[in-house]
Amino acid sequence: MTRYDVVIVGAGAAGMMCAIEAGRRGRSVCVIEHGKAPGEKIRISGGGRCNFTNLHTGPGNFLSANPHFAKSALKRYTQQDFIGWVDRHGIAWHEKTLGQLFCDQSARQIVDGLTGDMRDAGATLRLGVSVTSHTREGEGFRLDLSDGSTLTCQSLVIASGGKSIPKMGATGFGYDAARQYGLAVTETRPALVPLTFDPDTLARFKPLSGVAADISARCNGTAFEEAMLFTHRGLSGPAILQISSFWREGHDIVIRFLPGRDWFGTLRAARTETPRQALQSVLAEHLPKRLAQLLAEEAGLRGNMADQSDKKLQKAGAMLESWTVRPTGSEGYRTAEVTLGGVDTNGLDSRTLQARSVPGLYFIGEVVDVTGWLGGYNFQWAWSSGWSAGQVA
Ligand code: FDA
């Protein structure tokens, strides 16, 4: 039986950050990771370049049953703090768009920096081992591991992430652990995920597979302006991934093509300037050809632009500004970037991420009911919550 001050389950972004901070305080730390390598999601993120934070991170970029919960940790360890960490490790980075920061070279640099810091802080990393059972023992915890060994610790930090990408080792471990110690878990669902459609709609979209357009996607009072991509399964691209976190079954998504464009004005001008053109050709001047064809068919206008009344153009313009689709589902955890929902924040202290009713038990990172938008926010939550717990665990 080996005793540590702190045992952390999960060597992802949150777990490693917590291990570094706790280790630097002189705590003996052991990180248990059932995968073969630490930080696998960091490694594959952002197309291998890791969108490690966002310049504009604020509490408004997160979904949670308690929208105030993330404030404290995000303020204690900010995006500037993590940028400082990246700079100190000599990792070159750039802003891609919308405040999203990526490594110039490789996400592996972040993983190497974190594992190097863990080593320097004296933390032990045990790979390829999982926790078979854990329980409260005295003032602390006892964990039985898959290799037959047993650990005891004063502080147990659950950093096992969400359910997305089970192929990479995602499990429901953290949610089960929360329930075991009497904490509530809010409903979980795949988020930042491509959306799927019924066979008839899919058949309509099929010729457009691979086509992208700038849109705004609106659902349940929230809208995102970014690119949308037609795929052979339905819709994807950043605007759709973003809105997927707000969408629920049975709800519509309203799409505006080329947000900011006055489509009625555009069509009326085309009627004057190119009266012999069909709507499809007019649309193809602004949108990809195959998409222009689909939208012109859906507008159902017969004849050339010269044949169209103001009323008809107004109707076509309105369609281009509020094209409504109703997804039937999503691609699920297989491709979702994150899990929405998780350990109920009512049971956690927002400053330390410690369970209110179980001293010494902490939940950090994605397992908590705090889910960021697309764009580096989820890693920032992992760094901020991991750092905050690391100051006290
Ligand atoms: P994370 O999932 O990283 O780590 C949890 C660790 O616990 C894993 O290593 C897992 O193997 C381990 N584990 C699970 N159960 C265990 C058990 N029972 N025993 C032992 N170990 C266990 N975000 C962002 O901000 N920018 C981006 O660019 C991207 N890109 C991106 C791409 C893809 C493809 C995905 C799937 C996700 C992203 N994300 C992202 C989201 C981001 O990866 C995610 O929010 C963080 O990795 C969450 O960090 P955590 O440390 O909480 O969990």
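Q: Is Ser384 buried or exposed?
A: Ser384 counts as buried because its relative accessibility is 0%. Buried means under 20% relative accessible area, exposed means over 50%, and partly exposed is in between, with a 1.4 Å probe and protein chains only.

Q: Before I go on, what kind of model is this, and how is it numbered?
A: This is a predicted model, where local features need pLDDT of at least 70, side-chain atom pairs count only at pLDDT 80 or more, and totals for chains, interfaces and linings use all residues. Residues are numbered from 1 along each chain as its sequence is written, and side-chain values use heavy atoms, with hydrogens and water left out.

Q: Ok, back to Ser384. Where is it found, and what does it touch?
A: Ser384 sits in helix H13. Helices here are DSSP runs of H or I with at least four residues, strands are E runs of at least two, and both are numbered from the N terminus. Not counting residues up to four places away in sequence, Ser384 touches Ala73, Leu74 and Tyr77. Contact means heavy atoms within 4.5 Å.

Q: And how does H13 pack with H1?
A: H1 (residues 13-24) and H13 (residues 377-390) pack at about 30°, and their axes are 7 Å apart. That makes H1 roughly parallel to H13. Angles under 35 degrees count as roughly parallel, over 145 as roughly antiparallel, 65 to 115 as roughly perpendicular, and the rest as oblique. The axes are lines fitted to C-alpha atoms, for helices over the stretch in contact, and the angles run from 0 to 180 degrees between N-to-C directions.

Q: Which residues of H1 and H13 meet?
A: From H1 you have Ala13, Ala14, Met17, Cys18, Glu21 and Ala22. They meet Phe379, Ala382, Trp383, Gly386, Trp387, Ala389 and Gly390 of H13. The residues of this H1 contact with H13 divide into ten nonpolar, two polar and one charged.

Q: What about H4 and H5, at what angle do they cross?
A: The axes of H4 (residues 79-88) and H5 (residues 108-120) come within 10 Å and cross at roughly 90°. That makes H4 roughly perpendicular to H5. Phe82, Trp85 and Val86 of H4 make the contact with Ile110, Gly113, Leu114 and Asp117 of H5. Sorted by type, the residues in the contact of H4 with H5 are five nonpolar, one polar and one charged.

Q: Switching topic: which residues of H6 are buried?
A: In H6 (residues 173-180), the buried ones are Phe173, Gly174, Tyr175, Ala177 and Ala178. Their cover includes strands E1 (2-9), E8 (131-137), E10 (150-158), E19 (338-340) and E20 (361-363). After H6 comes Gly182, with a positive phi near 85°.

Q: Where is Phe197, and is it buried or exposed?
A: Phe197 is in the loop between E12 (195-196) and H7 (199-205). At 6% relative accessibility, Phe197 counts as buried. Leaving aside neighbours within four places in sequence, its contacts include Leu202, Phe205, Arg233, Leu235, Val325 and Pro327. Phe197 and Val325 are 128 residues apart along the chain, and their C-alpha atoms are separated by 8.8 Å.

Note on methods
Ala, Val, Leu, Ile, Met, Phe, Trp, Tyr, Cys and Pro count as nonpolar, Asp, Glu, Lys and Arg as charged, and the others, Gly among them, as polar.
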